[in-house]
Amino acid sequence: MAQLTGMRALVTGASSGIGARIAVRLAALGAHVILTARRKSALEAVAKECGGSTEILVADLGQPGIATSLFEQAGTVDILVNNAGFGYFKAFADADWERDAELIQLNVTALVELSRRFIDARAGKTGHAYLLNVASTAAYQAVPNFAVYAASKVFVRNFTEALHDELVHAKSPVSATCICPGGTHTEFHELAGAGDYSWIANRSMLPADHVAALAVRAMLKRKRNVMPGFLNNLSSFMTRLAPRWLASFMATRVMGKPKRPLPARTRSAA
Ligand SMILES: NC(=O)c1ccc[n+]([C@@H]2O[C@H](COP(=O)([O-])OP(=O)(O)OC[C@H]3O[C@@H](n4cnc5c(N)ncnc54)[C@H](OP(=O)(O)O)[C@@H]3O)[C@@H](O)[C@H]2O)c1
């Protein structure tokens, strides 16, 4: 693998799960890692694990306008990992606009805003730079009870793949890679109110470190898209062959029912 000594990597959602594992891997490759999320103490624990040269920037990307000020605070960024995201697993009618707006702000708007700042900042520079955006297998079909979340990941996937193609066409030293993880062992499911999954969903769950390793490898190879796991690749291939109503029905069966009582709305920023 390429050594990243001298490169500065900004990783969103670095306080836990996939983002934390990506940050540790980038640090192990020699990058100076800038960790961001809302929970300072969790970021400090990840920074300790990274060792070496790290910085922490506490920011709530679920609030409008924060992404640009975060990017300015980060200074030069050679690697941008847009990983922060959340979902709620319940019927659209049972949720509320405040939560929808926060989800779209974090999963979509902040991701585009940071990508915009990153691409603009690289204009005229010749050194290699990498953008890694985290989508999901949920980007491959409609997912009832995950309606807004799955749609946000469709956006991330299409946006990143289009950007990848533009950058390749322009022979840019910047690359854009999309990772589409399936179920991954993180706190995501508990927070979303999900987890009553079918055997196939449980069987295809992967460790966060494995997903992070594939993501970093694909990013350094300047790949367009990567999906971890044989079962995830098989089911997304079958999904493409099925009528869309059938793919949506299958997603409902695979994902099971929302858990009740519903979890706390969000983590505190402690
Ligand atoms: N786990 C899965 O099965 C799975 C599957 C496909 C895709 N993904 C995607 O993978 C990404 C990482 O999720 P994960 O599974 O690693 O779950 P996670 O452990 O819950 O991580 C989510 C990260 O996002 C951060 N975050 C949440 N709200 C934020 C906000 N308003 N502002 C800034 N940061 C915020 C969280 O930090 P704070 O709470 O400290 O802010 C945390 O670091 C997400 O985009 C998710 O959609 C996950």
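Biologist: Which strands does helix H5 lie across, and at what angle does H5 run to S6?

Modeller: Helix H5 (residues 147-169) lies across S5, S6 (174-179) and S9, at about 155 degrees to S6. Angles run from 0 to 180 degrees between N-to-C directions, with axes fitted to C-alpha atoms, for helices over the stretch in contact. Please keep in mind that this is a predicted model, where local features need pLDDT of at least 70, side-chain atom pairs count only at pLDDT 80 or more, and totals for chains, interfaces and linings use all residues. Residues are numbered from 1 along each chain as its sequence is written.

Biologist: Why is H4 called roughly parallel to H5?

Modeller: Helix H4 (residues 97-122) packs against H5 at about 10 degrees, with the axes 10 Å apart. Angles under 35 degrees count as roughly parallel, over 145 as roughly antiparallel, 65 to 115 as roughly perpendicular and the rest as oblique, so H4 is roughly parallel to H5.

Biologist: What makes S3 and S9 edge strands?

Modeller: Strand S3 (54-58) and strand S9 (225-226) each pair on one side only. Pairing takes at least two DSSP bridges between two strands. The open sheet runs S3-S2-S1-S4-S5-S6-S9, with parallel pairing.

Technical notes. Helix = DSSP H or I, 4+ residues; strand = E, 2+ residues; numbered from the N terminus. Contact = placed C-beta atoms within 7 Å.
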